[in-house]
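Let's take a walk through a protein together, one piece at a time. Have the sequence and the picture ready, and look for each residue as we come to it.

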Amino acid sequence: MEQKKLSQKKTVSFITLGCKVNQYDSDAMRTLFVRNGYSPAEGDDADVYVINTCSVTSVGDRKSRQMVRRIRRAHPDAIIAVAGCYAQLAPEVFEKMGDVDVIVGHQNRTHIVEYVEKARTAEQPLNEVVDIMKVKDFENMEVTAVKHLIFGLLAHGHIHIAVCLLYTSSSPR
């Protein structure tokens, strides 16, 4: 595998499939990239693509694989990392695809930036998925530099509440 080059200004883009938990996890990983000198990609071109996968149904599995292929075709020199449920349950699928550079499941996401940097010179995909049933400590991930959307809904036609909070790294907590 040839060395993948990052542009002078390192950029990252996130594609999040699935639930609100995945959205939070993507926001937390985005925070890690920003803290390590990456900028969120503007437009359709990035050095790194992180696809946070879903595996609730076979449709989620398929959409995750399709997204990997779509990104690889459009950006052959980019680094592609997958995280999330499908990556946790079936890392071998992503290894066999040949389009993914980094695979993390539900653990080791706090090291994703380091894995992406290693992937630039790796000969094969970095599979950092661990057996989640053997993990004793919860991996705490913090979100500080991105927005959170919080929605509440009371059923049966009563009050509908939508609150949007914007937190940045400089906002008081």
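Predicted model: local features only at pLDDT ≥ 70, side-chain atom pairs only at ≥ 80, totals over all residues.

**A guided tour**

Let's begin with D25: at 10% relative accessibility, it counts as buried. Residues are numbered from 1 along each chain as its sequence is written, and side-chain values use heavy atoms, with hydrogens and water left out.

So what does D25 meet? Its side chain and that of R109 come together in a salt bridge, at 2.8 Å from N to O. (A salt bridge is a side-chain nitrogen of Lys or Arg within 4 Å of a carboxyl oxygen of Asp or Glu.) Side chains of opposite charge can pair when their charged atoms come close. D25 sits in helix α1 (residues 20–35) and R109 in the loop between β5 (102–103) and α5 (112–119), so this pair ties together parts that are 84 residues apart in sequence. (Helices, H or I with at least four residues, and strands, E with at least two, are DSSP runs numbered from the N terminus.) R109 is buried as well, with a relative accessible area of 7%.

How many salt bridges does a search of the whole structure find? It finds five. Another one of them joins the side chains of R72 and D101, at 2.9 Å from N to O. R72 belongs to helix α2 (residues 58–74) and D101 to the loop between α4 (91–97) and β5, so here the linked parts are 29 residues apart in sequence. R72 is buried at 11% relative accessible area, and D101 is buried at 3%.

Now try R120 and E117, whose side chains meet in a salt bridge at 3.8 Å, N to O. R120 is partly exposed, with a relative accessible area of 22%, and E117 is partly exposed too, at 27%. Salt bridges with shared partners join K10, E117 and R120 into one network.

Next, find the sheet. Six strands make an open sheet in the order β2-β1-β3-β4-β5-β6, with parallel pairing. (Two strands pair if DSSP finds at least two bridges between them.) Strands of a sheet pair through backbone hydrogen bonds, either parallel or antiparallel. Which strands are at the edges? They are β2 and β6, each of which pairs on one side only. β5 and β6 pair in the parallel sense over two bridges, and V102 stands opposite L126 in β6.

Helices pack on this sheet. α2 touches β1, β3 and β4, and its direction makes about 170 degrees with that of β3. α5 touches β3, β4, β5 and β6, and its direction makes about 145 degrees with that of β4. (Contact means heavy atoms within 4.5 Å; axes are lines fitted to C-alpha atoms, for helices over the stretch in contact, and angles run from 0 to 180 degrees between N-to-C directions.)

Stay with α5 for a moment. Its residues I112, V113, Y115, V116 and A119 are buried. (The arc is that of the directions from the helix axis to the C-beta atoms.) What covers them includes α1, β3 (48–53), β4 (79–84), β5 and β6 (126–127).

That brings us to the largest nonpolar core, where, of 23 residues, F33, V48, V50, V102, I112 and V116 touch the most other members. (A nonpolar core is a set of buried Ala, Val, Leu, Ile, Met, Phe, Trp, Tyr and Cys residues joined through side-chain atoms within 4.5 Å.) β1 (11–16), α1, β3, β4 and α5 each supply at least two residues of this core, and α5 gives the most, with five. Apart from it lies another core, of 19 residues, among them I51, A78, F94 and V100.

Finally, look at S64 in helix α2, which is buried with a relative accessible area of 0%. Leaving aside residues up to four places away in sequence, S64 touches L17, T53, C54, Y86 and F94. For contrast, find E42 in the loop between β2 (39–40) and β3: at 72% relative accessibility, E42 counts as exposed.

Definitions and conventions
Buried < 20%, exposed > 50% of the residue type's maximum accessible area, 1.4 Å probe, protein only.
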